[in-house]
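Hi there,

Here is the structure I promised to pass on.

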Amino acid sequence: VIYVLDGNIAVMDSDGTNSINLTNATDYSHGTPSWSPDGTKIVFSSNMGSGNSEIYVMNSDGSNQTALTDTEGGNHYPTWSHDGSKIAFESLRDNDEEIYVINADGSNETRITNNAPTNDESPTWSPTADKIVFKSNRVAGAPWEIWVINSDGSNPVRITNSQFGNGAPSWSPDGTKIVFSAYRNGGNGISIINADGTN
């Protein structure tokens, strides 16, 4: 299991034993770690460079920490494509959160959403790597909703339409369903919806 421990990236066995601090930072913080599909690398956000939160990748033992971004605004919530070739993340570089995709080696950074002044956040790749699910408040007067977009930025589709907010979307392993947090009936809960927005 990978997690954040006092501003550092740490791992532990699935039963909670054998915790290991991989980054050992004291004057800056790391967050939002994610394993590569093959388990050899970890992508995460950190303010260890310029002070902005940038996207970094390192080996699974904490070695070879390498910055993939260097921007004016903060970058967060990186997530791997299922073939390990690309990383999606959210960036605040233009005073609103947008979704970007970058190759795992830091090349070919591409912005795939553009909806200022609203925000697109929390991207997650589909198992087939051709779609990304995220949350957005881009519809005026609407709460945070769940959207699906092609990984090249085409065909954004709103799949929830609710009175209250939704967030933290994630795909089922077969790509047919999306699970997300949903505020309903006065509290937060977990909802599941078909990837096309039905049911």
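Please keep in mind that this is a predicted model. I began with the surface: the accessible area of the chain is about 9,600 Å², and carbon and sulfur atoms account for 47% of it.

On the fold as a whole, you will find 18 strands and zero helices. The radius of gyration is 17 Å, close to the 16 Å from the globule rule for 199 residues, so the chain is as compact as a globular protein of that length. Along the principal axes, the C-alpha atoms fill a box of roughly 45 × 40 × 30 Å. Of the 199 residues, 44% are buried. If you count contacts between residues at least 6 apart in sequence, 25% of them join residues at least 24 apart.

The chain carries 24 negative side chains and 10 positive ones, with 9 Å between the centres of the two sets.

A few backbone details turned up in the loops:

- Pro117 sits in the loop between strand E11 (110-111) and strand E12 (120-125).
- Asn18 is not a glycine, yet its phi is positive, at about 60°. Its loop runs between strand E2 (8-11) and strand E3 (20-21).
- Asn24 also has a positive phi, near 50°, and lies in the loop between E3 and strand E4 (30-35). Asn24 is exposed, because its relative accessible area of 55% is over the 50% cut-off.

Notes: Residues are numbered from 1 along each chain as its sequence is written. This is a predicted model: local features need pLDDT of at least 70, side-chain atom pairs count only at pLDDT 80 or more; totals for chains, interfaces and linings use all residues. Side-chain values use heavy atoms; hydrogens and water are left out. Helices (H or I, at least four residues) and strands (E, at least two) are DSSP runs, numbered from the N terminus. The radius of gyration is taken over C-alpha atoms; the globule rule is 2.2 Å times the number of residues to the power 0.38. Buried means under 20% relative accessible area, exposed over 50%, partly exposed in between (1.4 Å probe, protein chains only). Contact means heavy atoms within 4.5 Å. Accessible areas come from the Shrake-Rupley method with a 1.4 Å probe; for residues, only the protein chains shown count as cover. Lys and Arg count as positive and Asp and Glu as negative; His and the chain ends are not counted. The place of a charge is taken as NZ of Lys, CZ of Arg, CG of Asp or CD of Glu.
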